[in-house]
Amino acid sequence: MSQYEFSLMQIKTKHNFIIYFFTGILISFFLFQTVHNRAIDQTFKDQPPRYMNVINYWLEDGLINNYGLWPRDSEAMRFNNIPSEKTQKKTFYRNDGMGYLHPSYLLQKIHYSIFNKISYQLYIYQNQFYLIISSIILSLIALKILLSHNVNIKNAYLMAFTCQLLFLTFPVNLFYYWGAYPTAISSIFVLLFINLIYEIQKNPKNINSKLKIIMVLTVFFLTYTALYVAILFLLFFILTYLLLDKKFLNFKTISLIIFLPFIL
């Protein structure tokens, strides 16, 4: 790579997030004109989006009253049951902390306080926003790896955009139109964690107080939004760290950026 190309790379990478944010919006706009082109109110007229009943129950009965968990009839056999207003005995599904639904609840709470109703359209757009953010971080990771291997700048940007395009049009991600699953939000923090670890591994001197705080928050919210995803991902990371390269992070740093926020 020439000195000119290297300087150009430094200038352009400052704006990469904005670049891929707009391309993510563009791809999503295309999806809503094609595969997601539905009359939302008619689509969910008989069957509301997944988890929307839970959010609606929180709005009516109070999130704090339900500990932010999934309320059920104590005698219900079905996992996804929501207690009726007349139900006196209520139990909670404890295996799922429901953290991935709390942002949706907050937005619906604001919308409900203004318009006195919930919004399926807001719920759907919020789910798509999660995917766009994940796709941006994925593109940034791809771009950094490609540029570090001296790939031509134009080709690197194009290939990173291709990663974003494939991610947003992947069938599993298209399915998130119907509801916010834990993996829709946890992928943001997984990819952010990988991005930060890549920066640290490339230059261990980069790790400072600011970066540590970001890592702590990333692991905390990953665990908060999807406990089992966090357990599996962090275990595999630690295993990889132990097997491949233990030089760029010491045990004290690992304890601070992984174990402490996970326990919290």
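In which helix is the place of Asn195? Select Asn195: its place is in helix α9. The model is a predicted one, in which local features need pLDDT of at least 70 and side-chain atom pairs count only at pLDDT 80 or more, while totals for chains, interfaces and linings use all residues. Residues are numbered from 1 along each chain as its sequence is written, and side-chain values use heavy atoms, with hydrogens and water left out.

**Stop 1: Asn195**

Asn195 is buried, with a relative accessible area of 9%; buried means under 20% relative accessible area, exposed over 50%, and partly exposed in between (1.4 Å probe, protein chains only). Next, display Ile137, Ile141 and Lys144, with which Asn195 is in contact when its neighbours within four places in sequence are left aside. Contact means heavy atoms within 4.5 Å.

**Stop 2: the whole chain**

Zoom out and colour by secondary structure. The protein chain has 12 helices and 2 strands, where helices (H or I, at least four residues) and strands (E, at least two) are DSSP runs numbered from the N terminus. Of the 264 residues in the protein chain, 42% are buried. Among contacts with a separation of 6 or more, 69% join residues 24 or more positions apart.

**Stop 3: α9 and α10**

Select residues 182–202 (α9) and 209–225 (α10): their axes come within 9 Å and cross at roughly 155 degrees. Axes are lines fitted to C-alpha atoms, for helices over the stretch in contact, and angles run from 0 to 180 degrees between N-to-C directions. α9 and α10 are therefore roughly antiparallel to each other; angles under 35 degrees count as roughly parallel, over 145 as roughly antiparallel, 65 to 115 as roughly perpendicular and the rest as oblique. To view the contact, show residues including Phe189, Phe193 and Ile197 of α9 and Met215, Phe221 and Leu222 of α10. By class, this contact has 15 nonpolar, 3 polar and no charged residues. Ala, Val, Leu, Ile, Met, Phe, Trp, Tyr, Cys and Pro count as nonpolar, Asp, Glu, Lys and Arg as charged, and the others, Gly among them, as polar.

**Stop 4: the largest nonpolar core**

Select Leu101, Phe193, Phe237, Leu249 and Ile258, which touch the most other members of the largest nonpolar core, a set of 54 residues. A nonpolar core is a set of buried Ala, Val, Leu, Ile, Met, Phe, Trp, Tyr and Cys residues joined through side-chain atoms within 4.5 Å. The elements giving two or more residues to this core include α4, α6 and α12, and the largest share, 12 residues, comes from α6. Centre on Ile258: leaving aside neighbours within four places in sequence, Ile258 is in contact with Phe193, Val219, Leu234, Phe237 and Ile238.

**Stop 5: α4 and its cover**

In α4, select Met52, Val54, Ile55, Tyr57, Trp58 and Leu59, which are buried. Their cover includes β1 (70–73), β2 (90–93), α5 (102–115) and α6. α4 and α5 pack at an angle of about 55 degrees, with their axes 10 Å apart; these two helices are therefore oblique to each other. Their contact involves Met52, Ile55, Trp58 and Leu59 of α4, with partners in α5 including His102, Tyr105 and Tyr112. Finally, select Gly62, which follows α4 and has a positive phi, near 105 degrees.
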